[in-house]
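Here are a few friendly notes to read alongside the model. Take them one at a time, and keep the picture open as you go.

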Amino acid sequence: MSERLRPRDLAILAAESPTTPMHNATVEIFDPGDSGFDHDRLVDLIADRIAFVPRYRQRLQQVPGRLANPAWVDDENFDLGYHVRRSALPRPGTMDQLRELVARIASRPLDRSRPLWEVYFVEGLAHGHIALLTKSHQILVDGRETVDIGQVLLDTSPDRSTLGHDDDWRPRRTAGPVAAALNAVTDSLESPRTVWSTTRANAESVGRQASATGARVAEVANALAGRGPVHSTPVHRRLSQQRRFVAVRTELADYRKIRETHGGTVNDAILATIAGGLRGWLMTRAESMGGLKAIKAIVPMSVIDDELEATSLGSQITGHLVNLPIVEPSPVVRLHQVSYDLKAHRDNGRNVSARRLSGIAGFAPTTFHALGSRLAHAELRHGFHVSITNVPGPQFPLYADGARMLESYPVHPLLPDHPLAIGVTSYDGGVFYGITTDRDAVPDADILGQCVLESLEELKDSASDSRPRAPRGRKKASRKVEK
């Protein structure tokens, strides 16, 4: 029986359009030092590790007449050089130039006739640094059969270990259109589940096409009548085909200090920082919020739950809706409101500690961010405004063939009519925000990044040892003893 796409993966494929490419990316900055790490050695490193992610050498095969869902097949013309690309910035390249390059690459859909991933080796950064941009389609990384390639490229030591070089790999022969149709019929006869999956997928595809057509007709009618888009706000509007990307680096020690002073968790402090950043950003915009008093965020959480789909990471992913209090002026009150909102998740006994997540083999944040994006797509019906994925990584340095990784920023895809997505990765003492926005809908993305930093400064100031604070808890008044 062929390895066919599951309905959830097919739904992601069907939702993809020129304005909503469904791939995750990560941009990592390295100091090669004396390692000699270059493009050729990156190609060799990926050739050594790709055996651990065999789906990265497979492509999709469509079935004539939609007799069954598309199947994963080996790419008979697999060309590693096509997928591992070389780029450069004019020396000395700045962070702003790198962000612009990342945004342009993230805007381009992947070629569905090939394995659905790309890696860019970017030279020319200041101080002799280089950047790696990995880009993988959401249906490629499901956490069950395949993890993100970024998880298997890094080592805990500068000394590279040769793990899985398979020079003898040969692609299995791909069936032609007639054979693919016959295989689909055979799969349907052997498994009624295949028939149900195919029928459901075809019905959903027709429904999505009808819905898209209706939306376009309504948009044209509104334009002719001189009406703007319905319910358009800074966090909900039509997307263009281009993106912006903002990278913000902060220090983990600051969040730990906030946690020690005000309670809660580091995750609470990060979400409160984002809430304050969104508040500051929205206050700079001279436009109506349509009565919006809180921004509803979908926050993927790691849990242990046998009822959820298993992954190879030792935990499952579930979504938690968090109301970010953007109208609350006090940073401390915002923190406590976010912490209270997340208390139910911590108290249910299923949550997974950050220490356990950061101890997963390899650099697991890249995989968890991909799973978080998949979950956000599946939870669109809940009507949230923004997806926020915060993943703890190891608090020690990692290396790619001897080059030390300094920073890691997630680049999340945008969902339909959602012009903003935020990913956060903690690694080696740093907390790295990757903010993806639509280029036209959010032209002031840099201001949002600055507001995040200002929000953190507010929280840091509230946790300062020199700042006077009201005493915590109630003290019983002392009674005077009558003599």
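In what order do the six strands of the open sheet stand? Keep that question in mind for point 2, and remember throughout that this is a predicted model.

1. Start with the overall picture. The protein has twelve helices and 14 strands. Of its 483 residues, 53% are buried. Among contacts with a separation of 6 or more, 79% link residues 24 or more positions apart. The protein exposes about 22,600 Å², and carbon and sulfur atoms supply 51% of that area.

2. Now for the sheet. Its order is S4-S5-S6-S1-S12-S11, with mixed pairing. Strand S4 (84-93) and strand S11 (399-400) are at the edges; each has a single partner strand, so one side of each has no neighbour in the sheet. If pairing is new to you, strands of a sheet pair through backbone hydrogen bonds, either parallel or antiparallel.

3. Look at one pair in detail. S4 and strand S5 (residues 117-125) run parallel and are joined by six bridges. To find your place, look for Ala88, which stands opposite Glu123 in S5.

4. Next, see what packs on the sheet. Helix H11 (residues 365-378) touches strand S1 (23-31) and strand S12 (403-411), and its direction makes about 155 degrees with that of S1. Helix H2 (residues 39-49) lies across S4, S5, strand S6 (130-137) and S11, at about 145 degrees to S4.

5. Which residues touch the most other members of the largest nonpolar core? They are Val27, Ile46, Leu98 and Trp117, in a core of 60 residues. Domain 1 (3-181) and domain 3 (243-463) both contribute residues, so this core lies between them. A second, separate core has 44 residues, including Ala275, Leu278, Ile326 and Ile422.

6. Leaving out residues up to four places away in sequence, Val27 touches, among others, Leu98, Val102, Leu133, Phe245 and Tyr409.

7. Finally, is Ile258 buried or exposed? Its relative accessibility is 0%, and buried means under 20%, so Ile258 counts as buried. Ile258 is found in helix H7 (residues 252-262). Beyond its neighbours within four places in sequence, the contacts of Ile258 include Ala269, Leu335, Leu456 and Leu459. Ile258 and Ser462 are 204 residues apart in sequence, yet their C-alpha atoms are 8.0 Å apart in space.

Key:
Residues numbered from 1 in each chain as written. Predicted model: local features only at pLDDT ≥ 70, side-chain atom pairs only at ≥ 80, totals over all residues. Heavy atoms only, no water. Core = buried A, V, L, I, M, F, W, Y, C linked by side-chain atoms within 4.5 Å. Buried < 20%, exposed > 50% of the residue type's maximum accessible area, 1.4 Å probe, protein only. Domains from an automatic or database assignment. Contact = heavy atoms within 4.5 Å. Pairing = 2+ DSSP bridges. Helix = DSSP H or I, 4+ residues; strand = E, 2+ residues; numbered from the N terminus. Axes fitted to C-alpha atoms, helices over the stretch in contact; angles between N-to-C directions. Areas by Shrake-Rupley, 256 points an atom, 1.4 Å probe, with all protein chains shown as cover.
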